[in-house]
Amino acid sequence: MVVINIWLIVILVVAFLAAVGAWLNTRIILKDLAKIKNHLGIKEERAPSVFDNDLDKE
């Protein structure tokens, strides 16, 4: 039972580190794409979001 708990903890730690690594990789790619778009003169297009209109503003 102890061996299973240790393996479970190791698997969860590896999964967490992989998720953080993927998040950092995505941020780096988005920064690079923004630089490329600026260099090419492409304007940033932003699709409207549900979160843009805050209903609590009243």
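Does tryptophan 7 count as buried, partly exposed or exposed, and what is its relative accessibility? The legends below take this up.

**View 1. Tryptophan 7 on helix H1 of a predicted model.** Tryptophan 7 counts as exposed, because its relative accessibility is 55%. Exposed means over 50% relative accessible area, buried under 20%, and partly exposed in between (1.4 Å probe, protein chains only). Tryptophan 7 and isoleucine 29 are 22 residues apart in sequence; their C-alpha atoms lie 33 Å apart in space. The model is predicted: local features need pLDDT of at least 70, side-chain atom pairs count only at pLDDT 80 or more, and totals for chains, interfaces and linings use all residues. Residues are numbered from 1 along each chain as its sequence is written, and side-chain values use heavy atoms, with hydrogens and water left out.

**View 2. Valine 10 on helix H1.** Helix H1 covers residues 2–40; helices are DSSP runs of H or I, at least four residues, numbered from the N terminus. Valine 10 counts as partly exposed, because its relative accessibility is 39%.

**View 3. A nonpolar surface patch.** Val2, Val3, Ile6, Trp7, Val10, Ile11 and Val14 form it. Together they have about 710 Å² of accessible area (Shrake-Rupley method, 1.4 Å probe; for residues, only the protein chains shown count as cover). Patch residues have over 30% relative accessible area and no salt bridge, with nonpolar side chains joined within 5 Å. A salt bridge is a side-chain nitrogen of Lys or Arg within 4 Å of a carboxyl oxygen of Asp or Glu.

**View 4. The chain around these sites.** Of its 58 residues, 0% count as buried. The chain exposes about 6100 Å², and carbon and sulfur atoms supply 68% of it.

Definitions and conventions
Patch = residues over 30% accessible without salt bridge, like charges linked within 9 Å, V, L, I, M, F, W, Y side chains within 5 Å. Helix = DSSP H or I, 4+ residues; strand = E, 2+ residues; numbered from the N terminus.
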